[in-house]
Amino acid sequence: MSALRRTAWAVAVALLPALTAAPATAAAKAGTKDEKVPKPPAVMSTVGGAQLGRPGTQVRLAAGAPVLPKGVTGRSWIVADAESGEVLAAHNAHWRLPPASTLKMLFADTVLPKLPKEQQHTVTRGELAGVGVGSSLVGIKEDQTYSVHDLWLGVFLRSGNDAVHVLSTMNGGIPRTVREMQEHAEELQALDTRVVTPDGYDENGQVSSAYDLTLIARSGLQKKDFREYCATARAQFPGEQKPGKKRESFQIQNTNRLLTGDFGVTPYQGMAGVKNGTTTLAGSTFTGVAERDGKVLLVTVMNPSSKESHAVYKETARLLDWGFAAAGKVEPVGELVPPRSADTGSPGDSDGGAGGDGDGPAPGGEKGGKEPYGPDEASASSRGGTTGAGVAVSVAIVVLVLLAVAGFLVNRRWPLPDLARRRPRR
């Protein structure tokens with residue numbers, strides 16, 4: 001062997017360990033990066049069906065069903081039929097994450113029925129003192145008088161934490177309001193939800209899930225005023241009353257970009273609400289309801305990782321498109337359970353959602369504590385709903401047929417009113 005060849009072999013042998021180690025080093029770096037990305041819990045709530053408690057994407061595609069859309073990066077999301085309650089697909093549905101201002105849906109569902117919209121209230125400095133730094137505001141001023149109707153427009157359209165704090169004071173104070181919200185969440189079987197503030201501002205231990213936010217939205221949409229507020233695109237809000245002058249007003253626009261369109265987001269056809277939110281801990285969150293060809297869908301997306309501008313809206317739109325195309329072509333993976341107090345024992349109509357204060361205080365809300373999930377926490381309809389939903393494509397075995405009928409009655413005894421077909425536009 002020539003000297004040149006011997007030198008080449010020596011160099012190759014010397015470099016071999018480094019060359020073979022390079023992929024391992026890259027893998028180690030990738031692994032380190034992956035370890036920093038939060039992972040969903042291995043065990044989650046099974047309210048609504050056992051499959052919803054599993055990590056990852058859950059869907060049952062039948063013949064002719066479209067595949068799920070690409071480009072959906074939300075840590076947690078869900079697509080559900082708003083009227084039947086069937087969950088068409090989900091991803092980490094019960095992962096408990098910071099909710100941001102989507103928690104205002106629970107605030108509204110709890111407090112809205114208690115305060116007459118014509119009631120007038122003069123705001124004091126103390127009512128605005130506790131609003132968190134960097135909060136979204138509608139522009140309420142102390143010593144100015146507002147109607148309850150005005151304040152709810154501020155909550156739904158501008159996500160105003162100032163309006164939430166004033167309404168909480170009118171409801172007996174923030175501690176009472178937080179307690180009532182927690183009790184109402186328990187009543188709705190939104191058991192992933194822990195309330196610390198009424199406005200969704202980041203606080204330790206304040207969490208919800210895509211499943212719970214969808215459940216809460218469905219309850220709120222039972223109420224006429226809730227439906228009208230969340231579907232309002234624009235409204236006039238009272239300005240400051242100056243002595244000797246007529247009080248002026250200014251326009252506020254709903255921050256739900258799929259309702260109003262803005263910043264490169266196209267309004268979604270049939271969009272009728274519900275609520276968006278963004279905070280440091282939560283990232284972007286959104287629950288939306290839309291109607292198309294007689295079908296009404298609810299979609300929740302929490303904390304997408306995409307760098308796409310306004311990703312939470314665009315991912316919601318993709319999931320809505322898929323849901324409308326997939327309707328009748330997928331087997332449900334679970335259901336949105338009715339409230340605990342809902343009458344599911346005999347047929348009958350209901351024109352309202354769950355009301356009252358629930359059935360007791362929330363079980364321990366400490367972060368990381370044991371959760372009371374299990375068979376005793378889910379209704380019988382929750383456990384049987386997924387099995388019954390598959391009967392349409394199964395052999396007509398008597399037991400399965402009975403389960404299917406039972407599941408249908410449970411869902412339809414707590415129907416969703418006509419929310420999207422008569423929504424106001426301002």
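**Rings and one buried aspartate**

Let's start with a charge and a ring. The charged end of Arg-247 sits over the ring of Tyr-146, 5.0 Å from its centre. That label needs NZ of Lys or CZ of Arg within 6 Å of the ring centre and within 35 degrees of the ring normal.

A word on the source. This is a predicted model, where local features need pLDDT of at least 70, side-chain atom pairs count only at pLDDT 80 or more, and totals for chains, interfaces and linings use all residues. Residues are numbered from 1 along each chain as its sequence is written, and side-chain values use heavy atoms, with hydrogens and water left out.

Now the aromatics. How many aromatic pairs does the structure hold? Seven. Rings of Phe, Tyr and Trp (its six-membered ring) pair if their centres lie within 6.5 Å; planes under 30 degrees apart are stacked, over 60 edge-to-face, and the rest tilted.

One of them joins Phe-107 and Trp-152: tilted, 5.4 Å centre to centre, 45° between the planes. Phe-107 is in helix 2 (residues 104-111) and Trp-152 in helix 4 (residues 148-158), so this pair ties together parts 45 residues apart in sequence. Helices here are DSSP runs of H or I, at least four residues; strands are runs of E, at least two; both are numbered from the N terminus.

Buried or exposed? Phe-107 is buried, at 0% relative accessibility. Trp-152 is buried too, at 1%. Buried means under 20% relative accessible area, exposed over 50%, and partly exposed in between, with a 1.4 Å probe and protein chains only.

Next, Phe-237 and Phe-250. They also form a tilted pair, 5.7 Å centre to centre with 55° between the planes. Phe-237 lies in strand 6 (residues 234-238) and Phe-250 in strand 7 (residues 249-253), so the pair ties together parts 13 residues apart in sequence. Phe-237 is buried at 0%. Phe-250 is partly exposed at 32%.

Last stop, Asp-81. Asp-81 is in strand 2 (residues 74-81). Asp-81 counts as buried because its relative accessibility is 6%. What does its side chain meet? A polar atom there lies 2.9 Å from the backbone nitrogen of Glu-83. For the backbone nitrogen of Ser-84, the distance to a polar atom of that side chain is 3.0 Å.

Finally, Asp-81 and Phe-324 are 243 residues apart in sequence, yet 9.5 Å apart in space, C-alpha to C-alpha.

Definitions and conventions: A polar contact is a pair of N or O atoms within 3.5 Å; within protein, one must be able to donate a hydrogen and the other to accept it, and residues adjacent in sequence count only if both atoms are side-chain atoms.
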